[in-house]
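Open the model in your viewer and keep the selection tool at hand.

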Amino acid sequence: MMLGSVRAMRSREGDQPRRVVCPGSYDPVTNGHLDIVERAAKLFDEVIVAVLVNPNKKGLFSTEERVEILAEITAGLPNVRVDSWRGLLVDYCRQHGVAAIAKGLRSVSDFDYELQMAQMNRELSGVETLLMSNNPAYGFVSSSLVKEIAHYGGDVKNLVPDVVFQRLAAKFSLPR
């Protein structure tokens with residue numbers, strides 16, 4: 001899809017606002033996640049950062065902590081709100097009038113997985129998925145790697161927003 005301008009995804013006066021959801025576990029949120037949210041906020045009227053709950057996984061941070069952290073990190077973005085959801089993402093989209101999902105891609109393996117999910121979500125609900133290339137500065141950053149590095153006392157300060165670093169430092173007794 002080619003964009004003639006940012007207005008292509010923003011609603012016109014009197015139209016319904018264009019909403020997009022940026023879903024993820026965000027355990028923890030990284031600078032790469034934040035980059036995608038900020039870029040989506042420039043394209044859409046409303047961005048919903050949805051912390052998806054997987055009852056089969058035990059996270060480092062509780063769902064409530066992740067929502068709180070994300071709300072603090074995105075407080076300066078007036079068209080961004082944070083929510084959580086347990087269930088199918090497409091059901092969330094239907095219930096909240098969301099027409100699109102925005103996801104970041106770091107690699108070809110991300111693309112393979114996200115393409116399959118995008119096709120399934122469209123088949124189930126008609127919701128479109130926008131796959132955004134990552135900022136190369138964050139191409140190697142993942143929540144899993146951040147947790148592992150922090151667990152062993154490594155320096156993750158430049159990989160996550162400061163509020164996340166402070167919480168990781170408290171959990172893993174990292175030097176601040």
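Select Arg19 to begin: at a relative accessible area of 23%, Arg19 is partly exposed. Keep in mind that this is a predicted model.

Arg19 and Glu46 form a salt bridge, with the closest N and O atoms 2.7 Å apart. The two sit 27 residues apart in the chain, Arg19 in strand S1 and Glu46 in strand S2.

Next, select Asp27 and Arg66. Their side chains meet in a salt bridge of 4.0 Å, N to O. Asp27 lies in the loop between S1 and H1 and Arg66 in helix H2, so the pair ties together parts 39 residues apart in sequence. Both residues, Asp27 and Arg66, are buried. The whole structure holds eleven salt bridges.

Which residues have the most contacts inside the largest nonpolar core? Select Val47, Val49, Val164 and Leu168, out of 35 residues in that core. Helix H1 gives the most, with six residues. Zoom in on Val47: beyond its neighbours within four places in sequence, its contacts include Val20, Cys22, Val37 and Val80.

Another core, of ten residues, lies apart from the largest one; Ala50, Leu89, Tyr92 and Val127 are among its members.

Finish on Tyr92, buried at 0% relative accessibility.

Definitions and conventions:
Residues numbered from 1 in each chain as written. Predicted model: local features only at pLDDT ≥ 70, side-chain atom pairs only at ≥ 80, totals over all residues. Heavy atoms only, no water. Core = buried A, V, L, I, M, F, W, Y, C linked by side-chain atoms within 4.5 Å. Buried < 20%, exposed > 50% of the residue type's maximum accessible area, 1.4 Å probe, protein only. Helix = DSSP H or I, 4+ residues; strand = E, 2+ residues; numbered from the N terminus. Contact = heavy atoms within 4.5 Å.
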